[in-house]
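Please take me through this structure in the viewer, one selection at a time, and say at each stop what is to be found there.

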Protein chains: 2
Amino acid sequence: MNTNHSVGIVERQYFTFAETTPMQLDSGETLSPITLAYETYGTLNAERSNAILICHALSGDAHAAGFSPDEKLGWWDDCIGPGKAFDTTKYFVICSNVLGGCQGSTGPGSPNPQTGKPYGLDFPVITVRDMVRAQQHLIDHLGIAKLLAVAGGSMGGMQVLQWTASYPERVRAALPLATTARHSPMLIAFSEVGRQAIYADPNWNQGNYYDGARPNTGLALARMIGHITYLSEESMHQKFGRRLEARERFGFDFETDFAIESYLHHKGSRFTERFDANTYLYVTKAMDYFDLANGHGNLMISFARCASIMYLVVSFTSDWLYPTYHSKEMVSALTGIGADVTYCNLQSTWGHDAFLLEVETMTRLISDFLDRVVAHHGINL
Amino acid sequence: MNTNHSVGIVERQYFTFAETTPMQLDSGETLSPITLAYETYGTLNAERSNAILICHALSGDAHAAGFSPDEKLGWWDDCIGPGKAFDTTKYFVICSNVLGGCQGSTGPGSPNPQTGKPYGLDFPVITVRDMVRAQQHLIDHLGIAKLLAVAGGSMGGMQVLQWTASYPERVRAALPLATTARHSPMLIAFSEVGRQAIYADPNWNQGNYYDGARPNTGLALARMIGHITYLSEESMHQKFGRRLEARERFGFDFETDFAIESYLHHKGSRFTERFDANTYLYVTKAMDYFDLANGHGNLMISFARCASIMYLVVSFTSDWLYPTYHSKEMVSALTGIGADVTYCNLQSTWGHDAFLLEVETMTRLISDFLDRVVAHHGINL
C-alpha cells in the first residue's frame, strides 16, 4: 500500500511549550502549569499562512513524522514529509502531544505542583475541548493567527471537529478522518472494559504506581482489546486466518496456539514500554465525554459558525468502530450550514486502521484537497 | 418481541448421567469418570422418535426451560415449552451441560480422581467434538437411536454441526443458528483477551483457587468483553445511547457515568455468581479449536455423510461476531452435498443475541421446519 519511492523523510524538530496562566477546564477545575510537547516539520512561511496542525489518536504522540533520536519513525510518517499527503516542502506541519498525555505533555504522570509528586488520579478529568484549548495556546505561542488546516483520525478527528466548533475563525480547512461527532455507546463500552482492565491490576493502586511496579498487565490487556477493534474481521482473515504460531498442531494447553493471539500479546506488551496507564484512563474518558452537539441537541447548531471552513470528511467501509453513518451525520449537518464539504467513504478491508494504512488513496485525496484550499484562499506558499 | 401469551411454562426434570468407561479425547488423553447434568422437557414417545437435543452456548447450562428450584427461568424458555418453537406437547427436549462445564457436568472444578481435589488446569483441554462425544453417550443412555433434531445457537450451533458430521446416522434434522463452521481469528482474539483477563487476576493462581478467593474480577472482565460482542452498535444505541446512569451530568471522575457502563458492570458481576473461571478458559479454547473442515481442508468433505439430514441454518444481519458469510459458506457446502437446506438471513438489530431475542420469527421458522421434518419422515408424535 505504501509506495513512497519518490518521497523523503522529513527533518523533525522537537520543542516544549509551557503555559503558566492557569487554564480553566470543562470540569470547572483549573490546571497550571501546562506543558505541551510538540514537533514541527517543514518551514513556516513569512505570512504564517501554511501551518497545518495534526491531532493524534488515543495512543499517539507528538512524534508524527521523521526519525526520533532513538531512530523511530513517526506514527504518520507515511503521510507527512516531502512529496507526501501533508507535503513539508509546502506546508509547516505541527503535532503536539495531547493534554493528559504521557509523551512530554502535562498529564497524570506529571508532577503535581501542590505535592511535587506525580498527580495520579489528582489530575483533573479533561475533555477533548480541553485538549483543543491547550493546543490553541500553542498556536498563539507560534504566532499563527489562522491554521491552513487541522487534520486527524479517530480521537484526532474529534479534536479537528472541536477546533472548528470552538475556534472557527482560526481554521481554514478541517480533515476529520475515521471519526465521529459523538462517541457511541459501543465505543464507551470498549473504553470502559479497557479501564476496568487497568483498575483490576493490583499494581495500579488507585493510580499511585509511579514509584514502583507499573500496571503493565492491565494496560496490555486494554491495548489488546483496542487492537481487536482497530482491525476488521476481513483484515484478520487476510493477516492471520487460523494460522498457528510456532507450532505445527494444537497444543491442547493454554499456551499460544494462534498467530492472532501472538500478535495481540506482542502489541499489548510493546505498548506498556511507551505508555502510561493513567493516561489511558484520562484519554479514553475524554473520548467518552465527546459529543459535539452536547448542550445544543443538534449538530448543525454546533457547526453554526463553521460555514466558511472547507471540510474533507473520510470514512472507511470496514471501520466498524466508527461506522460510515457517523460521518454521514456529520456531513449532513455541515452541508446543512452551507460549508464546503468533500466526503469520501473509502472501500477498504483494513477496518479503523485504514486511515493509517490506505496511504496511496489518502495521499491523493488529502493533497488534492489541500491544493484546493490553498487556491481558494490565494495562499502564497 | 416475546408474545408468549397463549403458551405455557414446561415442567422441568433434572438428572445426571455418569459414564464410567474412560472416554478418549481429541487431545489423546482419556477422561474418567464423566458426569453430564441434563434436563428434559415433555415426554419421549413410545417409538423414541420425538427427541430433540438442545446444545447451549458458552455461558449456558442444562437449564434451558421451565423454572429451577430457585425460581429461575431457563435460558431458552422463550422457545421451549407447550406451544413454543420446540413444542413440548409434541417433542421430548433434552439439554445437557457441556463437558468442561461448571453446572453439574464434569469440568475443571470437578474432583480429579487422582487427587480427590478439583482438577484445575490438570483437566484435559477438550474440543467441541469431545463435548458431542459425551452427549452421544447420554443419548445412548436414554435409549434414543436417532434424534429428531439437534439445535443450538453460537457454540451450541458448533455442536450441532459436529453432531451431523460425527454421527450423521443418529440425526434427522439440524438447526445451527448464529454460528460458524470455523472459529474466525476475530473470535479467537476475543476469546484470548477474555482468557488473559482471567490469567491476570491474582486470585486465579494458575487455576488453583477452589479453596480460596475466586478470580471474579478477571472473570467479570471477560464477561464484559463478551457482552459487548453479543450486541450490535445499533442495539446499543437503542438500549442505552449516551444516557447517563444515576447522575444528571458528567461526574468528571472515574465512577460510572453512562448506562452502558452500568449494564456491563452488572452483567460482569452477576456472571461470577454462577460461572467458574476455569470453565471459561476451557470452553473458549474448545471454540477456538473448532474448525469442522480441519484435516479435510474442505467443508463439503466434512459433511460428506450428511446428505440425508435436513438443515435449518439461520444467521442475523447485525451479528458481527458470526457474520452472515459464515452461514453462507456452510449452506453452500451443504447444498453441494445435496442436503435439504433451509437458510434464513434474518433482518435484526439485536446482533449475535438475536437468536435468543427474535422469538416470534424464530418460533415460526423452527416450528414450521420441525413440522416438515416430522412429515417427511412420517413420525408419529
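A nonpolar core, as the term is used here, is a set of buried Ala, Val, Leu, Ile, Met, Phe, Trp, Tyr and Cys residues joined through C-beta atoms within 7 Å. In this predicted model, the largest such core has 244 residues, and those with the most contacts inside it are A:I52, A:I54 and A:A149 together with B:I52, B:I54 and B:A149. Select A:I54 and display its surroundings: leaving aside residues up to four places away in sequence, A:I54 touches A:A64, A:W76, A:I80, A:V93, A:I94, A:C95, A:A151 and A:G152.

Next, colour chain A by domain, with domain 1 covering 13-182 + 290-377 and domain 2 covering 188-283. The centres of these two domains of chain A, taken over C-alpha atoms, are separated by 26 Å. Where they touch, domain 1 of chain A contributes 23 residues and domain 2 of chain A contributes 18 residues; on the domain 1 side, the residues divide into twelve nonpolar, ten polar and one charged.

Now bring both chains into view and select the contact between them, to which chain A and chain B each give 43 residues. On the side of chain A, the elements that give two or more residues are α3 (185-199), α4 (216-230), α5 (233-239), α6 (259-272) and α7 (277-289), and α3(A) gives the most, with nine residues. By class, this side of chain A has 26 nonpolar, seven polar and ten charged residues. Because 100% of the interface residues of chain A are also interface residues in chain B, the copies meet through the same surface.

Superposing the chains comes next: chain A can be laid on chain B with an RMSD of 0.0 Å by a turn of 180° and a shift of 0.0 Å along the axis. The two copies are therefore related as by a two-fold rotation axis.

The last stops concern the backbone. Select A:P33, in the loop between β3 (30-31) and β4 (34-41) of chain A, where the peptide bond from A:S32 to A:P33 is cis, with omega near -10°. In chain B, the peptide bond from B:S32 to B:P33 is likewise cis, with omega near -10°.

Is A:E71 buried or exposed? With 6 other C-beta atoms within 10 Å, A:E71 is exposed, since a residue counts as exposed at 12 or fewer.

Notes: Residues numbered from 1 in each chain as written. Chains lettered and ligands numbered in written order. Predicted model: local features only at pLDDT ≥ 70, side-chain atom pairs only at ≥ 80, totals over all residues. Contact = placed C-beta atoms within 7 Å. Helix = DSSP H or I, 4+ residues; strand = E, 2+ residues; numbered from the N terminus. Nonpolar A, V, L, I, M, F, W, Y, C, P; charged D, E, K, R; others polar. Buried ≥ 20, exposed ≤ 12 C-beta atoms within 10 Å, placed from the backbone. Least-squares fit on C-alpha atoms with pLDDT ≥ 70 in both. Domains from an automatic or database assignment.
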